[in-house]
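Dear colleague,

Please find below the structure that I am handing over to you. I would be grateful if you would look through it before reading the notes.

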Amino acid sequence: MKNTFFIIILCHLLFGCGSDDDTNEELNNTLEDAVIQEILVAHNSYRSDVGISNITWSEEIATSAQAWADELASNCEFKHSGGEYGENIWAGTEGAFEPTDVVNSWGSEITDYNYESNTCATDKDCGHYTQIVWKNTTQVGCGVATCDGLDIWVCQYDPPGNFIGEQPY
């Protein structure tokens, strides 16, 4: 009986046998509620400024975004996934930036966007901003991973935006 108890305890410690460890591990791979709220508030502030509805958080999309952030960090690469979602990526010094800073970095592209002509200023990018304020986008999910002293952030959006010839809002 003692051996059986010892084996059960060892199994739980080493492998999570018969427990909810898979669920706990999954939860540990998502962002904390306060971070999620910060991301949503930052995104929705830009959306509110142009009179469109708020986006909500999607755990499914966040899982995809986290997987891509982990992939980028595993190779220290910085490229878009080319997946089914719209996507903004960002990198900065590990621990030096808050989620709001990341979203505001993308949102600051508003200064280079001309709504009337639906264009960016010459030699400027504004696609991160327009993805944030894409009127048909209803959900976002984000993830972050670290490589060589850089936090790599990925936010993915559903439905995706930035269709050529269409205005974001």
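This is a predicted model: local features need pLDDT of at least 70, side-chain atom pairs count only at pLDDT 80 or more; totals for chains, interfaces and linings use all residues.

Residues are numbered from 1 along each chain as its sequence is written, and side-chain values use heavy atoms, with hydrogens and water left out.

The chain has six helices and six strands; helices (H or I, at least four residues) and strands (E, at least two) are DSSP runs, numbered from the N terminus. Their order from the N terminus is α-α-α-β-α-β-α-β-β-α-β-β. Of the 169 residues, 36% are buried, where buried means under 20% relative accessible area with a 1.4 Å probe, protein chains only.

Four of the strands make an open sheet of mixed pairing, in the order β1-β5-β6-β2; two strands pair if DSSP finds at least two bridges between them. The edges are β1 (56-57) and β2, each of which pairs on one side only. The pairing of β2 with β6 is antiparallel and covers eight bridges. Within β6, Asp-151 is the bridge partner of Gly-92.

Helix α4 (residues 59-75) lies across β1, β2, β5 and β6, at about 25° to β5. Angles run from 0 to 180 degrees between N-to-C directions, and axes are lines fitted to C-alpha atoms, for helices over the stretch in contact. Helix α5 also packs on the sheet, where it touches β2 and β6.

The buried residues of α5 (residues 99-107) are Pro-99, Val-102, Val-103, Trp-106 and Gly-107. Seen down the helix axis, these residues fall within an arc of 135° (taken from the directions from the axis to the C-beta atoms), so they line one face of α5.

The largest nonpolar core has 25 residues, and Leu-31, Trp-57, Trp-106 and Val-140 have the most contacts inside it. Such a core is a set of buried Ala, Val, Leu, Ile, Met, Phe, Trp, Tyr and Cys residues joined through side-chain atoms within 4.5 Å. Its largest share, six residues, comes from α3. A second, separate core of 10 residues includes Trp-68, Ala-69, Ala-73 and Ile-89.

Trp-57 touches several residues (heavy atoms within 4.5 Å), among them Ile-36, Ile-39, Leu-40 and Cys-142.

Yours sincerely

Technical notes. Buried means under 20% relative accessible area, exposed over 50%, partly exposed in between (1.4 Å probe, protein chains only). Lists of a residue's contacts leave out its neighbours within four places in sequence.
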